[in-house]
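I opened my notebook to record what I could look up in this structure, one topic at a time.

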Amino acid sequence: MTTTNTIETATTTPAAGTGAAVDPAGTAGTRLDFAKSAPKVFRSLIGFDAAAREGLAPALVELIQIRASHLNHCAYCLHMHTNDARKAGESEDRLHMVAVWREARHFFTPKEQAALALTEAVTRVADAGVPDEAYEEAAAHFEETELAHVLALILAINTWNRVALATGKVAGTDERRR
């Protein structure tokens, strides 16, 4: 199953099984609709995202997106990608451990650990750049083309996180077209 990040106008929808509104404050849709206001930019981001994930294992794609979304405090993307990971067969145990993967390394392969470390370094690039150790560890686990795609995916999810946060997207209102 291939999914892409397509953030559109938020709508208030009931939370699954609760009958309650996901956005009780009524703030959904009060900010810029990025997809409608900058459609060429938006379509370019979708294309970049799709190209980035080519050739990468779906589980790895979701782990990277989940970890970056944790670090960026993007509830909208975190909700979206944990749901996508579940649909792709990811276990609840691993999903719960992504935020603390260094303390729960046995849940993740060495390759996934390298990708998560690189995700953290690139996402937090303003703190200390991308340390050679993080890059070299990733380079040891990924062929050059695959590493380029991992980097592109990290860049893409960081961009999506910023779009969602800047436009006030509300977790639980995934409006992607299927």
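**Ground rules.** I noted that this is a predicted model, in which local features need pLDDT of at least 70 and side-chain atom pairs count only at pLDDT 80 or more, while totals for chains, interfaces and linings use all residues. Residues are numbered from 1 along each chain as its sequence is written, and side-chain values use heavy atoms, with hydrogens and water left out.

**Confidence.** I looked up pLDDT, the predictor's confidence in each residue, from 0 to 100. The protein chain averages 86, and 82% of the residues score at least 70. For residues 1–27 I found that pLDDT stays under 50. Helices here are DSSP runs (H or I, at least four residues), numbered from the N terminus.

**α6 and α9.** I reminded myself that two packed helices are described by the angle between their axes and the distance between the axes. The axes are lines fitted to C-alpha atoms over the stretch in contact, with angles from 0 to 180 degrees between N-to-C directions. The axes of α6 (residues 110–123) and α9 (residues 144–166) come within 10 Å and cross at roughly 50°. The two helices are therefore oblique to each other; angles under 35 degrees count as roughly parallel, over 145 as roughly antiparallel, 65 to 115 as roughly perpendicular and the rest as oblique. The contact (heavy atoms within 4.5 Å) involves residues including Leu118 and Val122 of α6 and Val150 and Ile154 of α9. By class, I recorded seven nonpolar, three polar and three charged residues in the contact of α6 with α9. Ala, Val, Leu, Ile, Met, Phe, Trp, Tyr, Cys and Pro count as nonpolar, Asp, Glu, Lys and Arg as charged, and the others, Gly among them, as polar.

**α3 and α9.** I then checked helix α3 (residues 58–71), which packs with α9 at an angle of about 45°, with the axes 9 Å apart. That makes α3 oblique to α9. Among the residues that meet are Leu60, Val61 and Ile64 in α3 and Val150, Leu153 and Ile154 in α9. The contact of α3 with α9 has eight nonpolar, four polar and no charged residues.

**Gly89.** Is Gly89 buried or exposed? At 63% relative accessibility, Gly89 counts as exposed (buried is under 20%, exposed over 50%, partly exposed in between, with a 1.4 Å probe and protein chains only). I found Gly89 in the loop between α4 (75–87) and α5 (92–97). Gly89 and Pro58 are 31 residues apart in sequence and 9.7 Å apart in space, C-alpha to C-alpha.
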